[in-house]
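Have your viewer ready and the sequence panel open beside it.

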Amino acid sequence: LKSKISFDDTEVAFLPKSNWALKKARFLFSSVGNPIVSFLAIGSVKLALALRLPVKGIIKNTVFEVFCGGETIADSKLTIDTMGKFGVGTILDYSVEGEELEDAFDSTKNETIKTIVNAKGDGNIPFSVFKPSGIAPFHVLEKVQAGVQLNSDEQAAFERAKTRFDEICKAAFEADIPVLIDAEETWIQNPVDEIVYAMMAKYNTKKPIVFNTYQMYRTVSLSNLKKAFKNAARDGYF
């Protein structure tokens with residue numbers, strides 16, 4: 001059967017957008033694509049926010065509007081429904097990463113589970129997604145990949161991170177909503193992969209629920225993908 005999806009058909013993806021919205025997005029993308037403009041803009045925004053200048057409205061109506069659907073799940077509902085009318089699905093992504101405090105990790109985990117629960121009753125949200133560095137300490141993952149011995153506190157933090165992975169994947173399994181686990185920096189990706197494959201073996205026995213991400217610009221990705229497929233076939237999970 002011929003797939004209905006064509007990556008050459010940009011009309012499908014952009015149909016919900018007006019000409020004005022597309023021109024605005026194009027301008028912003030071309031602007032942030034310039035290293036000098038991007039550097040100056042980011043610096044200016046950080047300074048303005050630090051000085052408590054009233055710039056949030058400007059941000060929300062420019063860059064935020066292009067890159068974000070809303071500040072909360074409820075706030076994103078209009079965008080989700082609008083795109084859904086044109087056959088464009090939404091993936092709710094709680095965009096937090098690189099945290100270091102346990103409370104922040106738990107908060108991100110809880111918000112991610114909320115996106116899964118919300119997706120269960122909405123046909124316009126076919127997947128959920130999360131970033132591992134939003135629920136696990138970056139420096140611990142880095143040490144695990146480097147083969148450095150963890151101290152007792154770091155080992156405990158690593159175990160808590162794996163528990164958060166499991167809680168999210170369990171919620172996805174129970175809601176029957178696939179969850180995409182986003183790729184990370186190359187120097188922490190190996191332990192992330194190992195955790196993801198353990199979650200696949202646990203929750204993908206009847207159908208694919210947990211999905212890994214492969215950055216195909218990396219030279220090792222094709223061999224990693226082949227190895228993952230081989231292991232899944234051997235151990236009997238999708």
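The tour below starts at the sheet, moves to the helices and ends at some single residues.

Before you click, note that this is a predicted model, in which local features need pLDDT of at least 70, side-chain atom pairs count only at pLDDT 80 or more, and totals for chains, interfaces and linings use all residues. Residues are numbered from 1 along each chain as its sequence is written, and side-chain values use heavy atoms, with hydrogens and water left out.

**Stop 1: the sheet**

Please select the strands. You will find 4 of them in an open sheet, in the order β1-β2-β3-β4, with parallel pairing. Helices (H or I, at least four residues) and strands (E, at least two) are DSSP runs numbered from the N terminus, and two strands pair if DSSP finds at least two bridges between them.

Which strands stand at the edges? They are β1 (91-93) and β4 (210-211); each has a single partner strand, so one side of each is left without a neighbour in the sheet.

Now colour β2, residues 127-130, which is joined to β1 by 3 bridges in the parallel sense. Pick S128 in β2: this residue is the bridge partner of L92. S128 also has a bridge partner in β3, namely V179. The pairing of β2 with β3 is parallel too, over 3 bridges.

**Stop 2: helices across the sheet**

Helix α7 lies across β1 and β2 and runs at about 175° to β2. Angles run from 0 to 180 degrees between N-to-C directions, and axes are lines fitted to C-alpha atoms, for helices over the stretch in contact.

Next, show helix α9, residues 152-175, which lies across β2, β3 (179-181) and β4 at about 150° to β3.

**Stop 3: a helix pair**

Select α8 (residues 138-146) together with α10 (residues 189-203). Their axes are 7 Å apart and the packing angle is about 90°. That makes α8 roughly perpendicular to α10, a label for angles of 65 to 115 degrees. To see the contact (heavy atoms within 4.5 Å), show L141, V144 and Q145 of α8 with Q189, N190, P191 and V192 of α10.

**Stop 4: two buried residues**

Go back to α7 and pick F105. Is F105 buried or exposed? At 0% relative accessibility, F105 counts as buried; buried means under 20% relative accessible area, exposed over 50% and partly exposed in between, with a 1.4 Å probe and protein chains only.

Then find S76 in helix α6, residues 73-84. S76 is buried as well, at 8% relative accessibility. Its side chain reaches the backbone oxygen of T72 at 2.8 Å. Not counting residues up to four places away in sequence, S76 touches G69, G70 and L92.

**Stop 5: two positive phi values**

Most residues other than glycine have a negative phi. With that in mind, select R52, a non-glycine residue with a positive phi of about 60°. R52 lies in the loop between α3 (35-50) and α4 (56-60) and counts as exposed at 76% relative accessibility.

Finish at D176, in the loop between α9 and β3. D176, again not a glycine, has a positive phi near 60°, and its relative accessible area of 41% makes this residue partly exposed.

Notes
Angles under 35 degrees count as roughly parallel, over 145 as roughly antiparallel, 65 to 115 as roughly perpendicular and the rest as oblique. A polar contact is a pair of N or O atoms within 3.5 Å; within protein, one must be able to donate a hydrogen and the other to accept it, and residues adjacent in sequence count only if both atoms are side-chain atoms.
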